[in-house]
Every structure is written in structure tokens, then in C-alpha cells.
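Colleague: Before I plan anything around this protein, could you take me through the model at the level of chain, helix and side chain?

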Amino acid sequence: MKLMRAGEHAGVVHGVFPETEDGEDAFFKIGEMAKVFGVTLRTLRFYEDKGLLHPKREGSTRLYTRRDRARLKLILLGRKIGFSLRDVKQMIDLYDPSGSNAKQLRMTLDKSEKQLGRLQKQRAALDEAIDELGSLMSVVRRMLTERSVAANNN
């Protein structure tokens, strides 16, 4: 087992996981994982408590594996696009390294289609709010201009 410094292997975020000279996976400590992925220590512990991450333990030290790093990338992607942690866990837990993962893929597609619909509705609502705000600002600007002209004429 070899511990790697987060700064030495920032490529982990891009899917390149460091290995030791003998091909063994490198382990990251909790602080290094937090730094590489831009999350807090509390977030990592929370994901562990929820059963999303399963770091190895050496005493009180958490050691994150390649699998943990891959899972964390998926968790963060899922959260970014609006999935609940429950949904993310359901999808990730269906992964079987020796299977076809058809069930996982079907579930992911189903949840993704539903989430896309929700996001499109949110976008429409935001577009409407932006248009209304722009109209309001135009009215206020016009009113200010009119009052400024009236004040200069007095």
C-alpha cells in the first residue's frame, strides 16, 4: 500500500488513478481526497455514513481506494445534475464488475429522463423570471429617466 499526495496526482479527477510501481492502487487519506475533489472532510464522512463510500481503515485513518474515488466522482456528478443521494446510491449500488449492468443502465436512463424533464421545467421558469425582471428593470430605468428630466426642468 502506498499513500499518494493529492497535489502529485490531481489527474485523479480526470479519471487517471495513480498506482504504485508494482501495480497496486494508491490510497488517499481523507484530507487528500477532500482537496482533490474540492469537498470538505465532513462531506466525505457524511457520504461514508450514508453508505456511499467505504474507505479502508488503518486505526483511525481513512484510506480511499480507486473504487472510492470512482464512486465519489459519480456522487458529485449526480449531485451536480440534481439527483438525490438516495438515487445516486441506488444507481451506484447496482454496479456489478462481472455483469452486464443492464439493470443499472436502465435505472440510470429512467432517472436521467425524469431529471432532465425537471431541469427543463426549471429552465423555463428561470427564463420567464429573467424576462420579467428585465421588463421591470426597463420600466424602472424609464421612470428614473423621466424623473431626472423633470427635476432638471424645475
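**Burial, fold and charge pairs**

Modeller: Buried residues account for 28% of the 154 residues in the protein chain, and please keep in mind throughout that this is a predicted model.

Colleague: What pattern does the protein chain follow when it is read along the sequence?

Modeller: The secondary structure of the protein chain consists of five helices and four strands. Read along the sequence, these elements give the pattern β-β-α-α-β-β-α-α-α.

Colleague: How much of the accessible surface of the protein chain belongs to carbon and sulfur atoms?

Modeller: The accessible surface of the protein chain comes to about 10600 Å². Of that area, the share belonging to carbon and sulfur atoms is 55%.

Colleague: Is Gln104 buried or exposed?

Modeller: Gln104 lies in helix H5, and, leaving aside residues up to four places away in sequence, Gln104 touches Met91, Ile92, Leu94 and Tyr95. Its relative accessibility is 14%, and because buried means under 20%, Gln104 counts as buried.

Colleague: Where does Gly38 lie, and is Gly38 buried or exposed?

Modeller: Gly38 lies in the loop between helix H1 (30–37) and helix H2 (41–49). The C-alpha atoms of Gly38 and Leu76, which are 38 residues apart along the chain, are separated by 10.0 Å. With a relative accessibility of 67%, and given that exposed means over 50%, Gly38 counts as exposed.

Colleague: Why are Asp110 and Lys114 separated by about one helical turn?

Modeller: Asp110, which is partly exposed with a relative accessible area of 36%, forms a salt bridge with Lys114, and the closest N and O atoms of this pair are 3.4 Å apart. The separation is about one helical turn because the two residues are four residues apart in helix H5.

Colleague: How far apart are the closest N and O atoms in the salt bridge between Arg142 and Glu146?

Modeller: Arg142 and Glu146 are four residues apart in helix H5, which means that about one helical turn separates them. Arg142 counts as partly exposed at 47% relative accessibility, and Glu146 likewise counts as partly exposed at 48%. In the salt bridge that Arg142 forms with Glu146, the closest N and O atoms are 3.8 Å apart.

Colleague: How much accessible area do Leu133, Leu136, Met137, Val140 and Leu144 have together?

Modeller: Leu133 lies in helix H5, and at 47% relative accessibility Leu133 counts as partly exposed. Leu133, Leu136, Met137, Val140 and Leu144 form a nonpolar patch on the surface, and their accessible area together is about 460 Å².

Technical notes
Residues numbered from 1 in each chain as written. Predicted model: local features only at pLDDT ≥ 70, side-chain atom pairs only at ≥ 80, totals over all residues. Heavy atoms only, no water. Buried < 20%, exposed > 50% of the residue type's maximum accessible area, 1.4 Å probe, protein only. Contact = heavy atoms within 4.5 Å. Areas by Shrake-Rupley, 256 points an atom, 1.4 Å probe, with all protein chains shown as cover. Patch = residues over 30% accessible without salt bridge, like charges linked within 9 Å, V, L, I, M, F, W, Y side chains within 5 Å. Salt bridge = Lys/Arg side-chain N within 4 Å of Asp/Glu carboxyl O.
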